[in-house]
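Student: Could we go through this model together, from the whole chain down to single residues?
Tutor: Gladly! Let us look at it first.

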Amino acid sequence: MDAVEVTAPAGQVQRPRAEVRYTDELARLGAADEAARPPGWALSVQAARRFIVGDEKLGVSRKFVGDPSLIDRALITLATSRGLMLVGEPGTAKSLLSELLAAAVSGDSTLTIQGGAATTEDQIRYSWNYALLVSEGPSTRSLVPAPLLRGMAEGRTVRFEEITRCPLEVQDCLLSPLSDRVLAIPELTGPESMVFARDGFNIIATANTRDRGVNDMSSALKRRFNFETVFPIADLATEMALVEEEATQLLRRSGVTAVPTRGLTEVLVTAFRELRAGETSRGDSMDRLSAVMSTAEAVSVAHAVGLRGWFLRGEPGTAEDLVACLAGTAAKDSPEDLAKLRRYLSQQITWRSGPHWTALHNARHHLPG
């Protein structure tokens, strides 16, 4: 069997990390950055803020749609000795914001721990090369650093995704690094048995407030974080523009030259917002789906609609494609959600106008069941 190629040219990577996607922007911000920087930071707080919220004069794009004051509070937290906890419903771009913050502060967003039921302390702190451990005993040569140890030793930001999916006792291995800024390695002796955090080290954690299978955090660990809530996008036009932009970029990377139909995108985003809120735009109550109808899910559906239309028929997606792709989003948690979605599609034509809403109503028979 041929050897697996671990690295790939940047153009072949499905999702390059933030510091690779925005290398030129980071370079421009760094060259123009004359403000004071917190110890160990790659950029000043002002430049890091501009990297995320955008700066037209320097040609820096806006990357996060949300309250700019949230960015200010997050950056100041990272300049302190307290960790940053981003909480909110799934699909509100917590992970994206975590990645952007790490790229701006440390120039590297890859020191990432993915939380889950099977996550162990070894994957967070350090493990051992057991062949060397048996032959030579514990030493720095046989030590295999994990993201937390590397972040502390190198003075970089560590990202902990979905921290509440880890068991409580695994989460609590962060207590000493966050409070005392030190990580003990009891298997070693002498100065090497303690790793002291360098300037620039901190932790950004994310946690969903809605998903199943999550664990509570201990009070001791909560006290070592500043909590910031990331809310869904409040404005329809802003959310629609974001879905359109993100879906277009994904379609281009997938080899699709057709752009999403604007009217169909408006129908998609409106439907997601109403199904998420359980209320129509004119104030009528309706069934709320148990599935997560987030902006991220809307982008995924818009991408799938474009792929379906292009690769099956060589055209932009249609209302029939949208209904078929909506079914896969709505049916994740409960069979009842499909019935709710069918009722929603049946009722909208009674008071909405426009060819895309009519087509969506007529295409409801494409729902399974």
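Student: What should I know about numbering and confidence?
Tutor: Residues are numbered from 1 along each chain as its sequence is written, and this is a predicted model, in which local features need pLDDT of at least 70 and side-chain atom pairs count only at pLDDT 80 or more. Totals for chains, interfaces and linings use all residues, while side-chain values use heavy atoms, leaving out hydrogens and water.

Student: What percentage of the 369 residues counts as buried?
Tutor: Buried means under 20% relative accessible area, exposed means over 50%, and partly exposed lies in between, with a 1.4 Å probe and protein chains only. The C-alpha atoms fill a box of roughly 75 × 50 × 45 Å along the principal axes. Of the 369 residues, the buried share is 46%.

Student: Which order do the strands take in the open sheet of five?
Tutor: Two strands pair if DSSP finds at least two bridges between them. Five bridges join β1 (residues 83–88) to β8, four join β5 (residues 157–161) to β8, and three join β2 to β5. The pairing in the sheet is parallel, and the order is β2-β5-β8-β1-β9.

Student: Why is one side of β2 and of β9 left without a neighbour in the sheet?
Tutor: β2 (112–114) and β9 (225–229) stand at the edges, so each has a single partner strand.

Student: How many of the seven residues of β8 are buried?
Tutor: In a regular strand the side chains alternate between the two faces of the sheet. From β8, Asn202, Ile204, Thr206 and Asn208 point one way, with Ile203, Ala205 and Ala207 pointing the other way. Strand β8 (residues 202–208) is mostly covered, and the number of its residues that are buried is seven.

Student: At about what angle to β5 does helix α8 run?
Tutor: Axes are lines fitted to C-alpha atoms, for helices over the stretch in contact (heavy atoms within 4.5 Å). Angles run from 0 to 180 degrees between N-to-C directions. Helix α8 (residues 147–154) lies across β2, β5 and β8, and its angle to β5 is about 160°.

Student: Is glutamate 25 buried or exposed?
Tutor: Glutamate 25 sits in helix α2 (residues 23–32). Beyond its neighbours within four places in sequence, it is in contact with Phe51, Gly59, Val60, Ser61 and Lys63. Its relative accessibility is 9%, so glutamate 25 counts as buried.

Student: What is the relative accessible area of valine 144?
Tutor: Valine 144 belongs to strand β4 (residues 143–145). Not counting residues up to four places away in sequence, it touches Tyr126, Ser127, Trp128 and Asn129. Valine 144 is partly exposed, and its relative accessible area is 34%.

Conventions:
Helices (H or I, at least four residues) and strands (E, at least two) are DSSP runs, numbered from the N terminus.
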